[in-house]
Structure formats: structure tokens, C-alpha cells
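Got the sequence and the 3D view open?

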Amino acid sequence: MVFRFAFILLSLAMACFELANCHAIETIPNNLSIRLEPVAGRDYPPVVTALAISPGGELLAAAGDDHAIRLLSGENFSKQQIIGQHTDWVRSLDFAPDGSMLLSAGNDGRIQVWQRESNWENPRDIGGGPALACVRFNDDGKRIAAVGFDPQIFLMQSKTIPAAKLTCKCRDLRTALFTDVDDILAVGGRSGEMHFIDPDTGETLAAISLHVGRLRDSTLVRGANMIVSVGEDGRCAIVDTVQMKMLREVTIPGCKLLSVAAIDSQHVAVGGSDNLIRVLNVNSGEVTKKLTGHQGTVAVLKANVEHLISGSYDTSIRFWRLSQIQQHETVAGIPGMESTDTTSTLATER
């Protein structure tokens with residue numbers, strides 16, 4: 001009873017502290033909100049768990065718990081076309097760097113490859129895997145990596161690697177991406193570690209402990225040689241992709257973080273279980289803005305040169321103009337800051 005009373009007092013104190021200090025962070029409402037049209041036989045729109053923006057920005061792919069893949073185009077992405085379906089939740093979408101292909105993957109263990117030249121119809125279907133959480137192209141579109149509820153990493157490329165070497169000591173992998181330096185594959189999941197793997201040899205180059213519990217998503221910060229990962233422990237881990245070590249960490253209290261997207265070479269957006277999106281300066285470790293509007297967990301974030309786009313368990317897709325997010329920046333990068341081992345934890349938002 002005493003412990004419970006103390007816990008309640010501590011929670012109230014933290015809440016009051018955040019309320020008293022959150023006025024310095026600019027709050028930005030979304031510019032546009034849409035919902036996907038229900039599939040036949042369903043009266044309500046889907047929970048949104050996967051998004052991808054084509055390189056030219058003219059198409060937005062979206063999917064979720066109704067298993068359907070949609071392409072949105074036109075002004076404000078208002079035109080919606082259902083191009084096909086998986087047989088379970090869709091967890092990941094990715095366009096090829098040249099926009100010629102779209103990948104989709106999900107809980108049914110299938111990767112579907114959609115071709116622009118085929119009008120996004122009759123996809124190539126690659127099945128037989130475990131439930132898949134992430135599928136990604138590399139920068140030149142010649143490699144595809146997929147990970148899911150299995151230690152095995154699925155790598156499709158011209159050079160064959162023995163399958164036994166493409167494994168990770170972590171089961172339930174959630175994220176995979178290729179770095180823009182040396183095209184190294186970085187994967188992470190339940191263990192909270194990020195594993196760096198040479199896709200030419202299958203050799204694990206480094207394994208870095210970043211999170212207490214499951215690592216849920218990661219993004220490449222281009223022009224900065226960084227990856228930012230987020231996890232269920234509420235941490236954002238900022239990693240140097242050249243030295244393969246953590247530079248610093250930032251903790252968002254009372255929130256599981258599930259999604260992250262790079263906005264520019266200094267900022268990322270992170271979304272989580274408290275329905276908010278926060279803009280984080282990766283150089284200073286400061287949260288500079290809050291983006292409001294969602295009424296459910298922010299499951300996925302994507303960005304291009306014009307918009308930050310989010311999908312949520314509240315069934316909405318919301319859009320923020322980057323020009324609005326980037327103006328009136330309150331915290332700039334710290335001049336002269338170099339990549340070091342030191343970490344900084346943001347205990348509360350100020």
C-alpha cells in the first residue's frame with residue numbers, strides 16, 4: 001500500500017512538472033487529415049501501420065489491418081486505389097529509389113513486389129517466411145532486406161550468401177535498413193541491440209546495445225552518418241554508422257516509442273503510445289516541437305521534402321508541412337560538437 005501511494009505521488013509530480021514546463025515547446029497541429037476508404041464488406045477505415053512515399057512524391061502507399069495495399073495520388077493524396085491484398089496485417093512498405101517498384105510485407109510472411117510498368121497489378125509473390133515486420137531497398141535498389149519473427153535475415157541480391165550466415169542472435173526483428181556509408185545492413189528487434197552486418201559476406205561487424213527491451217523502428221539521418229532508433233523503453237538512440245557506436249540517448253518519459261522518420265540532417269520525428277509526435281534535434285538531444293492531432297498510437301512515420309506523414313491506430317493519416325516544422329527552430333545544433341561516447345538523457349520536456 002505504501003509503495004502504491006508513493007508511486008501515485010511520483011506520477012502526479014512528474015505530470016505537474018511536465019505541465020509546468022511544456023510551454024517552451026511549440027505545438028503544431030496537422031495541416032491535413034484523411035482516412036482510407038473501407039474495403040468491400042467493411043464499414044470502417046483500417047488502422048494504419050505502413051506508409052511509403054514514392055521518390056517523386058506523387059504517390060503515397062498505405063496499408064494496415066484490413067490487409068489491403070492502397071495507392072494515393074492527386075492533390076492532397078485524395079485519389080485512392082486499392083491495388084491488392086495480403087492475408088494478414090501489412091507491416092511494411094517501401095518504394096525503389098527510382099520509383100519503379102513497391103515492396104509490401106506483413107504478418108502473412110509474404111513479400112509482394114509491385115511494378116509501375118505493370119500499372120501496380122499482378123505482383124510477384126515471395127512467400128514461405130515468418131511474420132515480417134520490415135522490408136527495405138538499399139540506395140541503388142539492387143538489394144532488398146526483410147526481417148521478422150525469426151533470427152534469419154532475408155537478403156535478395158545478385159550475390160548469393162549462405163543462408164546460415166545471414167542470421168542474428170535476436171529473434172523478433174522489427175527493423176532493417178542499409179547505411180549510406182558502405183551499404184552496411186543494420187537490423188534490430190526484441191533484444192534492444194542493433195546488429196551491423198556486411199551484406200557481401202554475412203559477417204556481423206558490430207552489435208550495440210541501445211534499448212532495454214524491444215527496438216521498434218529506425219531511420220537513417222542522411223548527411224550526418226547517423227541512425228536513430230526508438231524502442232518500447234521510450235528511448236531514442238543516436239548511433240554513428242561509421243564508428244558503429246552510440247553517440248547519445250534521449251528518453252521520453254511515460255511513452256513507448258514505435259516510429260521514427262528523419263526530417264533533415266539535424267532533426268527526426270518520433271511517435272509513440274501517447275498519440276504525440278515529437279521533433280528531436282539529434283545534435284543537442286532536445287525536443288523542440290510537438291505535433292498534435294492523433295487520438296491513437298502513432299504507428300508509422302515517413303517524410304519527404306515537403307511533408308511529414310503519420311499513420312495511427314486511430315485510422316487517420318495526417319500531414320505536416322516541413323516548412324512549418326522547420327521554421328522558428330528553438331534549439332540549434334551545439335557548435336563544435338563532435339561524435340563522442342557521451343550520452344545525454346532528456347528526463348523531461350522543457
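What follows is a short briefing on strands, cores and a few individual residues.

This is a predicted model, in which local features need pLDDT of at least 70 and side-chain atom pairs count only at pLDDT 80 or more, while totals for chains, interfaces and linings use all residues. Residues are numbered from 1 along each chain as its sequence is written, and side-chain values use heavy atoms, with hydrogens and water left out.

**A four-stranded sheet**

- Start with an open sheet of 4 strands, ordered β2-β28-β27-β26 and paired antiparallel. Strands here are DSSP runs of E with at least two residues, numbered from the N terminus, and two of them pair if DSSP finds at least two bridges between them.
- β2 (32–35) and β26 (298–303) are the edge strands, each pairing on one side only.
- On average, neighbouring strands of this sheet are turned by 20° against each other, direction ignored. For that, axes are lines fitted to C-alpha atoms, and angles run from 0 to 180 degrees between N-to-C directions.
- Between β2 and β28 (residues 316–321) there are 4 bridges in the antiparallel sense, and Ser33 sits opposite Arg318 in β28.

**Back-to-back hairpins**

- How many residues of strand β16 (residues 193–197) are buried? It's 4 of the 5, so β16 is largely enclosed by the rest of the structure. Buried means under 20% relative accessible area, exposed means over 50%, and partly exposed is in between (1.4 Å probe, protein chains only).
- β15 (residues 185–189) pairs with β16 in the antiparallel sense over 4 bridges, with Ala186 opposite Phe196.
- That pair makes a hairpin with 3 residues between the strands, and Gly192 in the turn has a positive phi of about 85°.
- β16 also runs antiparallel to β17 (residues 204–209), joined by 5 bridges; Ile197 has Thr204 as its bridge partner there.

**Nonpolar cores**

- The largest nonpolar core has 18 residues, and Val228, Cys236, Leu257, Val268 and Val270 touch the most other members. A core of this kind is a set of buried Ala, Val, Leu, Ile, Met, Phe, Trp, Tyr and Cys residues joined through side-chain atoms within 4.5 Å.
- Two or more residues each come from β19 (226–231), β20 (235–240), β21 (245–251), β22 (257–262) and β23 (267–272), and β19 gives the largest share, 3 residues.
- A second, separate core of 15 residues includes Leu177, Met194, Ile208 and Met244.
- Leaving aside neighbours within four places in sequence, Val268 is in contact (heavy atoms within 4.5 Å) with residues including Val228, Val260 and Leu280.

**A buried glycine**

- Look for Gly271 in strand β23; it counts as buried because its relative accessibility is 0%.
- Not counting residues up to four places away in sequence, Gly271 touches several others, among them Leu257, Leu276 and Val298.
- Gly271 and Ala299 are 28 residues apart in sequence, yet 7.1 Å apart in space, C-alpha to C-alpha.

**Two loop residues with positive phi**

- Most residues other than glycine have a negative phi.
- His67, in the loop between β4 (60–64) and β5 (68–73), has a positive phi of about 75° and is partly exposed at 23% relative accessibility.
- Thr315, in the loop between β27 (307–312) and β28, has a positive phi near 75° and is buried, with a relative accessible area of 14%.
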